[in-house]
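Here are my notes on the model, point by point. Have the viewer open while you read.

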Amino acid sequence: MCLLLTRQLLLVVCRMFKRHKSLASERRRELISRGATRSILKDDMKNFHFLSQFILSAGPLKSTSAVKHSKTIHFEIEILDAQTKKQICIVDKVTQKSTIHDVKQKFHKACPQWYPSRVGLQLERGGPFLKDNLTIQSVAASSIVTLYFTDLGQQVSWTTVFLAEYTGPLLIYLLFYLRIPYIYNMKESSRRLCHPVVHLACFCHCIHYIRYLLETLFVHKVSSGHTSLKNLLKSCAFYWGFTSWIAYYINHPRYTPPSFGYRQVAISAINFLICEAGNHFINVVLSHPSHTGNNACFPSPNYNPFTWMFFLVSCPNYTYEIGSWISFTIMTQTLPVGIFTLLMSIQMSLWAKKKHKIYLKKFSSYMHRKSAMIPFIL
């Protein structure tokens, strides 16, 4: 290409030179015949010299850089059964930018009986399941990749799990509070009046789970992933079962009020509402971080006094949650609530320790003097 352009340019220059030479010779004859001075001839020569210098000053032509066409690498994904090691199918024409989710989609086209949400893919048998956002290039060692398939079973979204967990306790408690037939003795229920703490406990219990439902819908950034139906059944059995046990005792016609009377009830109720408000504001802060990406930092307290708990612990939402249930236990003074509070405290302490370790590794500016959940203790 460059040689052709150079040849064409030389031809143009030669033609201009010949034409200019012929015109100059003819003009010179006319001027000599008319007796013109040599100064005009010198001007013509200067003009031609200027043209030649201008062409030479342009320098050599730069060769146009060849367009580099990026070669798209295709992978061949061999999917084997994790138990029998038998080949299920081969997914071909997978690019290096394709994700595990894309592979699951193609796998679903080849095997329609397995939906992408219930497909678990592993690099090794018994290894961790690959996340959907991983690219094939990051896990591939060659152009042929072997993945092991595991059927995860029927899957449900996390939003469905949370809504089912929190809606059940709300409705179950109200059924016991209304003392519907076949739960308590009708004659005994009609004779005995409810203590004010029973009404207050129902109000606090409803506030707690209504807050959970609203935060699930409008505050929390629930993962778009899925979990097995077994986990949903386990969670619902735990929350619904304990709620039934708690509501049965608190709303029973023979329920006895707390030992220290209204003072114990009032102080516990106020502390319960404070912890509920603190838990809500902490969840709002966690759902709207001030920095994202590479500039991520540990959530910092703001003008809201409820967020100042971040100065002491790394998981203040668990701190307020345990505070709510301890207050509810003292307010109602019932054994089922105390057992539920103890189990929840153990579970949340494990979650808090796990998150605390992640924060220590992830955030360089994190203060090591903070505790995980309970200030200065845990």
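1. Let's start with the sheet: E1 and E4 run parallel and are joined by six bridges. Across that pairing, Ile 77 sits opposite Val 145 in E4. For the terms, helices (H or I, at least four residues) and strands (E, at least two) are DSSP runs, numbered from the N terminus, and two strands pair if DSSP finds at least two bridges between them.

2. Before going further, a word on what you're looking at. This is a predicted model, where local features need pLDDT of at least 70 and side-chain atom pairs count only at pLDDT 80 or more, while totals for chains, interfaces and linings use all residues. Residues are numbered from 1 along each chain as its sequence is written, and side-chain values use heavy atoms, with hydrogens and water left out.

3. Now the whole sheet. It is open, with four strands in the order E2-E1-E4-E3 and mixed pairing. E2 (87-95) and E3 (119-122) are the edge strands, each pairing on one side only. On average, neighbouring strands here are turned by 30° against each other, direction ignored. (Axes are lines fitted to C-alpha atoms, for helices over the stretch in contact, and angles run from 0 to 180 degrees between N-to-C directions.) As background, strands of a sheet pair through backbone hydrogen bonds, either parallel or antiparallel.

4. E3 and E4 (residues 144-151) run antiparallel, with four bridges between them. Val 119 stands opposite Asp 151 in E4, and Gln 122 stands opposite Tyr 148 in E4. Are the residues of E3 buried or exposed? Both faces of E3 are covered: Val 119 and Leu 121 on one side, and Gly 120 and Gln 122 on the other, are all buried. Buried means under 20% relative accessible area, exposed over 50%, and partly exposed in between (1.4 Å probe, protein chains only).

5. Follow the chain on from E3 and you reach Lys 131, in the loop between E3 and helix H4 (136-139). Lys 131 counts as exposed because its relative accessibility is 60%. The C-alpha atoms of Lys 131 and Gly 120 are separated by 9.1 Å, and the two residues are eleven apart along the chain.

6. Aromatic rings next: the structure holds 25 aromatic pairs. Rings of Phe, Tyr and Trp (its six-membered ring) pair if their centres lie within 6.5 Å; planes under 30 degrees apart count as stacked, over 60 as edge-to-face and the rest as tilted. One of the pairs is Phe 107 with Phe 149, tilted at 45° between the planes and 5.2 Å centre to centre. Phe 107 lies in helix H3 and Phe 149 in strand E4, so this pair ties together parts 42 residues apart in sequence. Phe 107 counts as buried because its relative accessibility is 1%, and Phe 149 is buried too, at 3%.

7. Tyr 318 and Trp 351 make another tilted pair, 6.1 Å centre to centre with 45° between the planes. Tyr 318 is in helix H10 (residues 316-332) and Trp 351 in helix H11 (residues 335-362), so the link spans distant parts of the chain, 33 residues apart. Tyr 318 counts as buried at 12% relative accessibility, whereas Trp 351 is partly exposed at 39%.

8. Finally, the record and the totals. UniProt (unreviewed entry) places "transmembrane region" at residues 156-180, 232-250 and 325-352; its positions are given in the numbering used here, feature names are shortened, and annotations may be inferred rather than shown by experiment. In the model, residues 232-250 are 100% helix and 0% strand, with end C-alpha atoms 27 Å apart. Residues 156-180 are 80% helix and 8% strand, with end C-alpha atoms 32 Å apart. The protein chain has eleven helices and six strands, and 36% of its 378 residues are buried.
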